[in-house]
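Thank you all for making time this morning. I would like to walk you through one structure, beginning with a single residue and then widening the view.

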Amino acid sequence: MNARVEKALNQQVVKESSSSQFYLAMASWSETKGLNGTAKFLYTHSDEERFHMLKLVKFINERGGKAIIPEVEKPPVEFENLEHVFELLLEHELDVTASINDLVDICLQEKDYSTHNFVQWYVSEQLEEEALARTILDKLKLIGGDKGGMYMFDRDLENSAIGASPANQAQGK
Ligand code: FEO
């Protein structure tokens, strides 16, 4: 496998791994605040990021490269509030998108069209994840500090987590 592409793919492994850890910390924090629906959504999101990482690891190895499993980095323990959590999540996703775009660029420069094809899945995934994060943030801004609104928000997120679980996605649900 092209060395430059392999290095960029391994850098993406680090990004997806840190996304998974970051969202796991957010899920755990939400759970301790009694936001069980939000916690479920974020636990599922963390699992999805691990799946994104695994997909890269397998691709690198199957193409004759060597996947490097990164160290586990410690994410924050505390967050100011739920809006802050989703602001950080969107910021993180934007960073991941930038990194995917760099990867696309490198594939084209190196004329590695099969990896370019593989990476397109991540391009679409990032569009969806950014849109979802923005929708959630808009909802939170509308709700403000309203407790009833927050209750409904938490319940809605729980339902969306069930549909988005990696197991359900694999079964095409
Ligand atoms: Fe896999 Fe949300 O980046």
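This is a predicted model: local features need pLDDT of at least 70, side-chain atom pairs count only at pLDDT 80 or more; totals for chains, interfaces and linings use all residues.

**Starting from one lysine**

Let me begin with K40, which has a relative accessibility of 34% and therefore counts as partly exposed.

**The chain as a whole**

Now let me step back from that pair and look at the whole chain. The protein chain has six helices and zero strands, and along the sequence the pattern reads α-α-α-α-α-α. Its radius of gyration is 17 Å, close to the 16 Å that the globule rule gives for 173 residues, so the chain is as compact as a globular protein of that length. If you take the box along the principal axes, the C-alpha atoms fill roughly 55 × 30 × 30 Å.

Of the 173 residues, 46% count as buried. When we consider contacts with a separation of 6 or more, residues 24 or more positions apart account for 79% of them. As for the surface, the protein chain exposes about 9,500 Å², and carbon and sulfur atoms supply 54% of that area. Turning to charge, there are 18 positive and 29 negative side chains, and the centres of these two sets lie 4 Å apart.

**Other salt bridges**

Another is the salt bridge in which the side chains of D112 and R63 meet, at 3.8 Å from N to O. Here D112 lies in the loop between α3 and α4, and R63 lies in the loop between α2 and α3, so the pair ties together parts that are 49 residues apart in sequence. Is D112 buried or exposed? With a relative accessible area of 8%, D112 is buried, whereas R63, at 30%, is partly exposed.

**Acidic residues inside the helices**

Let me move on to E49, which lies in helix α2, residues 36-62. At 1% relative accessibility, E49 counts as buried, because the cut-off for that word is under 20%. Which residues does E49 contact, once we leave aside its neighbours within four places in sequence? They are E16, S19, S20, Y23, E93 and E129. With E16, which is 33 residues away along the chain, the separation between C-alpha atoms is 5.6 Å.

E130 gives us a second case, this time in helix α4. E130 is buried, with a relative accessible area of 12%, and, again leaving aside neighbours within four places in sequence, E130 is in contact with L90, E93, L94 and T97.

**Two places in the loops**

To finish, I would like to point to two loop residues. P70 lies in the loop between α2 and α3, and, not counting residues up to four places away in sequence, P70 touches V13, V14 and S17. The C-alpha atoms of P70 and V14 are separated by 5.9 Å, although these residues are 56 positions apart along the chain.

The other residue is K111, which is placed in the loop between α3 and α4. Most residues other than glycine have a negative phi. K111, however, has a positive phi of about 55° although it is not a glycine. At 60% relative accessibility, K111 counts as exposed.

Note on methods. Residues are numbered from 1 along each chain as its sequence is written. Side-chain values use heavy atoms; hydrogens and water are left out. Helices (H or I, at least four residues) and strands (E, at least two) are DSSP runs, numbered from the N terminus. The radius of gyration is taken over C-alpha atoms; the globule rule is 2.2 Å times the number of residues to the power 0.38. Buried means under 20% relative accessible area, exposed over 50%, partly exposed in between (1.4 Å probe, protein chains only). Contact means heavy atoms within 4.5 Å. Accessible areas come from the Shrake-Rupley method with a 1.4 Å probe; for residues, only the protein chains shown count as cover. Lys and Arg count as positive and Asp and Glu as negative; His and the chain ends are not counted. The place of a charge is taken as NZ of Lys, CZ of Arg, CG of Asp or CD of Glu. A salt bridge is a side-chain nitrogen of Lys or Arg within 4 Å of a carboxyl oxygen of Asp or Glu.
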